[in-house]
Amino acid sequence: MDNCFAGIDVSTQSLKIIILDLKDNSVIYEDSVVYDNDLPKYHTINGTVGDKTQGISESDPFMWIDALNIVFKRASQDTNLLSNINALSVSGQQHGLVAIDKQGKLTRPTSKLWNDFSTQTECDILTEKIGGIDKMIKEIGNTQRTGYTAPKIFHMYRNEQSFYNETQTFLLVHNFINWYLTGGRIIMEPGDASGTGLWDPVKKVWSKNLLNIISKDLVEKLPTVGSSTKSIGTIAQYFVEKYGFDPECKIDAGSGDNMYSAIGTGNIKPGMVSVSLGTSGTAFTILERPYIDPSGEIACFCDSTGNYLPLLCISNMAGGYNAFLKENSLSHSDFEELLSFTDPGNNGNIIVPWYDGERTPDMPDASPIYFGFSLENLNKKSIARAIIEGHILNLNEGFDRMPVRPKVLHLTGGLSLSKSWCQTIANIFNCQTVPVVGEGAALGAAIHAAWIWEKESGNEEIELVDLAQSFVKFDESLRSDPESDYAQTYENLRSLYKSVTRRIRGLESEDPFSKKRKFFK
Ligand code: XUL
């Protein structure tokens, strides 16, 4: 009898499934649905709809449900696959707001996502009413960001009263999928709840003060926050009949994609750092105690194992790079070839990649900055290098505030498959990098499902770290050390980048033009 576990990641652009078998510690099945290509009726671009000029980024939650049914249908062609799954866990893009009524119908047809920037007014009102940024951090360990869920609920309350009034329950993306899989179970868990901007990850309670600022009845519309390390029920009869699932198949509490990427990249003990290179760029580490960043730039989140997950999130990662490839009809290897014609450091020519506003630094209205390009540098090759270096410099600048100095960065996400990305991250972070094989978040979810199922089946001794070690594999061919020949160049480039971004934000800094002349040509 097989001993299988499934992980499902509902991300911004696609839904992925991984099934692993504990009998011989192998991944036995993987599949994915890319919304833009496979579900054209939803008319998404990069998985989302909405007027980007207004900062709107939304998805229809039924698109995720359709994608889920597609992967189940395909997997059910193999009669033994789904019936052997003992437990299943869902990883979801964080912060997205799904609102349902008494009958379980959506009250708002689309869900505002983590990269929606249209709620700055609500962030400002919440911050002002609570008494300023320091008070906000005291209240929930975090500042209010347009990406978080609180301003999305408040936006609905202020602008779409009827949707708000009809809503019986507010859920996050993975809670909504769990609700569907269990046939109605409504519960949250600490990892994703800490990204609501309404729940205090230190005291582990909803912030009454913040709820009351939005509306006195909000407390009734929010689920209980249970445990991250327990199952929440079994799979609904519908999936047993339709796809042949075992009726005893447990549904794990699930969590946010970053919480599960931590597990799926082997980041389980303090001191390790993972960097996820997807639509967003994130860097996170495990801590046993909460880390509160006085500026609020590093998020204070719980993880999905009972610890904490200080997290840096930049909202512009793969977007600028993918748009450049598409616009110029380039493949990844064409891009790498373009890079080979330019020098690391790009002669101090920089693109600050704030294409659609930016989460960190907190600049929802930002647009990109092209700095330093002289006429002879205004070409495709130089722009290509500025794109890769700009994305990584942006991530690196935020990383300075993380409470950890790692020896190696574990990389995950599509871009980590490229030697240029692994090498340029190593050079700019001045730290070794190694990519993890496979899909971090979906793998982490499957490992977590196995962990909780074993524990609930009486195997209390099972260690998550041992399970993860059996499944998390590194691509040694791409392990990259910082190149000492370019150490000085990148130190200069980091410093120049900082001057440019500080100047544009109105903060004190050395003049970037004279700095460029000093360091580069
Ligand atoms: C983290 C964040 C993103 C999403 C992307 O705070 O908003 O990483 O989770 O899926």
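Helices H3 and H5 are roughly perpendicular to each other, a label for angles of 65 to 115 degrees; angles under 35 degrees count as roughly parallel, those over 145 as roughly antiparallel, and the rest as oblique. The two helices, H3 and H5 (residues 150–159), pack at an angle of about 100°, and their axes lie 8 Å apart. Axes are lines fitted to C-alpha atoms, for helices over the stretch in contact, and angles run from 0 to 180 degrees between N-to-C directions. Helices (H or I, at least four residues) and strands (E, at least two) are DSSP runs, numbered from the N terminus. From H3, the contact uses Thr-121, Glu-122, Cys-123, Ile-125 and Leu-126; from H5, it uses Ala-150, Pro-151, Phe-154, His-155, Arg-158 and Asn-159. Contact means heavy atoms within 4.5 Å. This contact of H3 with H5 holds 6 nonpolar, 3 polar and 2 charged residues. Here Ala, Val, Leu, Ile, Met, Phe, Trp, Tyr, Cys and Pro count as nonpolar, Asp, Glu, Lys and Arg as charged, and the others, Gly among them, as polar.

The model is predicted: local features need pLDDT of at least 70, side-chain atom pairs count only at pLDDT 80 or more, and totals for chains, interfaces and linings use all residues. Residues are numbered from 1 along each chain as its sequence is written, and side-chain values use heavy atoms, with hydrogens and water left out.

Helix H3 (residues 120–130) also packs against helix H4 (residues 133–140), at an angle of about 90° and with axes 7 Å apart. H3 and H4 are therefore roughly perpendicular. Leu-126, Thr-127 and Ile-130 of H3 make the contact with Ile-133, Lys-135, Met-136 and Glu-139 of H4. By class, the residues of the H3 contact with H4 are 4 nonpolar, 1 polar and 2 charged.

Tyr-321, Phe-324 and Leu-325 in H13 meet His-332, Phe-335 and Leu-338 in H14. The contact of H13 with H14 has 5 nonpolar residues, 1 polar and no charged.

The cysteines were examined next. A search of the whole structure finds 0 disulfides (pairs of cysteine sulfur atoms within 2.5 Å). Cys-249 is in no disulfide; the nearest cysteine sulfur, that of Cys-4, is 11 Å away. Cys-249 is buried, at 0% relative accessibility. Buried means under 20% relative accessible area, exposed over 50%, and partly exposed in between (1.4 Å probe, protein chains only). For Cys-300, the closest cysteine sulfur is in Cys-302, 6.9 Å away, which is too far for a bond. Cys-300 is also buried, with a relative accessible area of 1%.

Ser-57 sits in the loop between helix H1 (35–38) and strand S4 (58–59). Ser-57 is buried, at 1% relative accessible area. The Ser-57 side chain makes a polar contact with the side chain of Asn-115 (2.7 Å). A polar contact is a pair of N or O atoms within 3.5 Å; within protein, one must be able to donate a hydrogen and the other to accept it, and residues adjacent in sequence count only if both atoms are side-chain atoms. Beyond residues up to four places away in sequence, Ser-57 touches several others, including Thr-48, Lys-52 and Asp-116.

Gly-271 lies in the loop between helix H12 (257–264) and strand S14 (273–277). Gly-271 is partly exposed, at 44% relative accessibility. Not counting residues up to four places away in sequence, Gly-271 touches Thr-285, Ile-286, Val-404 and Pro-406.
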